[in-house]
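Reader: I am new to this structure. Please walk me through the terms used for it, one by one.

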Amino acid sequence: MKILIVDDEEMIRGVLREYVEFEGNEAYEAADGMEAVKLCRENDYDLILMDVMMPHLDGFSAVKEIKKSKDVPVIMLSARGEEYDKLFAFEIGVDDYVTKPFSPKEVMARINAVTKRHTTKKTAGEVFKFEGLEVDMVGRNVYVDGEKAELTPKEYELLFYLVRNKGIALTREKLLYDVWGFDFYGDDRTVDTHIKMLRSNLKDYRKFIITLRGLGYKFEE
């Protein structure tokens, strides 16, 4: 697996590189967001470890630029642990968020978990159709009555998860754990807010997302 490590601190890059290569992966380095974007334009990576606060171009801006052309999983590494930073990261398509200081072993565990989730997404190649709603897992496209819906990255993830678990009652806690990540410190309002936005984008087909009062949600035809 080819992993790009992006951090302006050489010592952190070195430690992470050592662990990444010890696990049998190829490690590549970038010292700032601008260099990371340039490398991603020229090469393909299986995963990116991205610091947030860097010179020239910060990690958030770099991720947004990379995500325009590459569907690559990203784990953010940041000294900023505030909830709004994590929320913003997940909104722009980040797969996990690790707060500094961190254990390299923990980062490797996160890498394995994110890679497993991403591989599962790629292999779930079916196109699901529910009346006029079409959900394409691999193409990451959603069509409402033949018109492409414009969803945020997290809305896509939430809808795909609901569809994969069609007919199953899902608690808000499980949705937070599986869609946002096990260390996300948000609350039920995070799920409810995204469900509300998702329903709005699905228009008439919002009816498929059923509210289970006091519990959570489920997708049901």
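Author: The model is predicted. Start with β11 and β12, which run antiparallel and are joined by 4 bridges.

Reader: What makes β11 and β12 a pair?

Author: Pairing takes at least two bridges between two strands. β11 and β12 have 4 bridges, so they pair. One spot to look at is T211, which stands opposite Y217 in β12.

Reader: What lies between β11 and β12 in their hairpin?

Author: The hairpin has 3 residues between the strands. G214 is in the turn, with a positive phi of about 80°.

Reader: How do you know that β10 and β12 pair?

Author: They share 2 bridges, and the rule asks for at least two, so they count as paired. Their sense is antiparallel. L170 has Y217 of β12 as its bridge partner. T171 stands opposite G216 in β12.

Reader: Which strands are called edge strands in this sheet, and why?

Author: The sheet is open and has 3 strands, in the order β10-β12-β11. β10 (170-171) and β11 (209-212) are the edge strands, as each pairs on one side only.

Reader: How do you know whether the faces of β12 are covered or open?

Author: Look at both sides. G216 and K218 are buried on one side, and Y217 and F219 are buried on the other. Buried requires under 20% relative accessible area. Both faces of β12 are therefore covered. Helix α8 (residues 188-202) lies across β11 and β12. The helix runs at about 150° to β11.

Reader: What makes K203 partly exposed?

Author: Its relative accessibility is 47%. K203 sits in the loop between α8 and β11. Its phi is near 55°, a positive value in a residue other than glycine.

Reader: Why is E131 called exposed?

Author: E131 has a relative accessible area of 59%. The cut-off for exposed is over 50%, so E131 qualifies. E131 lies in the loop between β6 (127-130) and β7. Phi of E131 is also positive, near 55°, and the residue is not glycine.

Reader: How many bridges link β8 and β9?

Author: 2 bridges link β8 and strand β9 (residues 147-148), and the sense is antiparallel. At least two are needed, so β8 and β9 pair. Y143 stands opposite K148 in β9. Their hairpin has 2 residues between the strands, and D145 takes a positive phi near 55°.

Reader: Turn to the helices. At what angle do α2 and α3 pack?

Author: Helix α2 (residues 33-42) and helix α3 (residues 59-67) pack at about 15°, with axes 9 Å apart. Angles under 35 degrees count as roughly parallel, so α2 is roughly parallel to α3. The contact is made by G33, A36, V37, C40 and R41 of α2 with A62, E65 and I66 of α3. The crossing is right-handed.

Reader: What makes a set of residues a nonpolar core, and which residues have the most contacts in the largest one?

Author: The largest core here has 53 residues. M50, M76 and L133 have the most contacts inside it. Helix α6 (residues 153-164) gives the largest share, 7 residues. Another core lies apart, with 16 residues, among them L47, I75, V98 and V114.

Reader: Which residues is M76 in contact with?

Author: Leaving aside neighbours within four places in sequence, the contacts of M76 include M50, V52, F60 and Y97.

Reader: Where is the cis peptide bond?

Author: The cis bond joins K100 and P101, with omega about -5°. P101 is in the loop between β5 (96-99) and α5 (104-123).

Terms used. Residues are numbered from 1 along each chain as its sequence is written. This is a predicted model: local features need pLDDT of at least 70, side-chain atom pairs count only at pLDDT 80 or more; totals for chains, interfaces and linings use all residues. Side-chain values use heavy atoms; hydrogens and water are left out. A nonpolar core is a set of buried Ala, Val, Leu, Ile, Met, Phe, Trp, Tyr and Cys residues joined through side-chain atoms within 4.5 Å. Buried means under 20% relative accessible area, exposed over 50%, partly exposed in between (1.4 Å probe, protein chains only). Contact means heavy atoms within 4.5 Å. Axes are lines fitted to C-alpha atoms, for helices over the stretch in contact, and angles run from 0 to 180 degrees between N-to-C directions. Angles under 35 degrees count as roughly parallel, over 145 as roughly antiparallel, 65 to 115 as roughly perpendicular and the rest as oblique. A crossing is left-handed if the near helix is turned anticlockwise from the far one by less than a right angle, and right-handed if clockwise.
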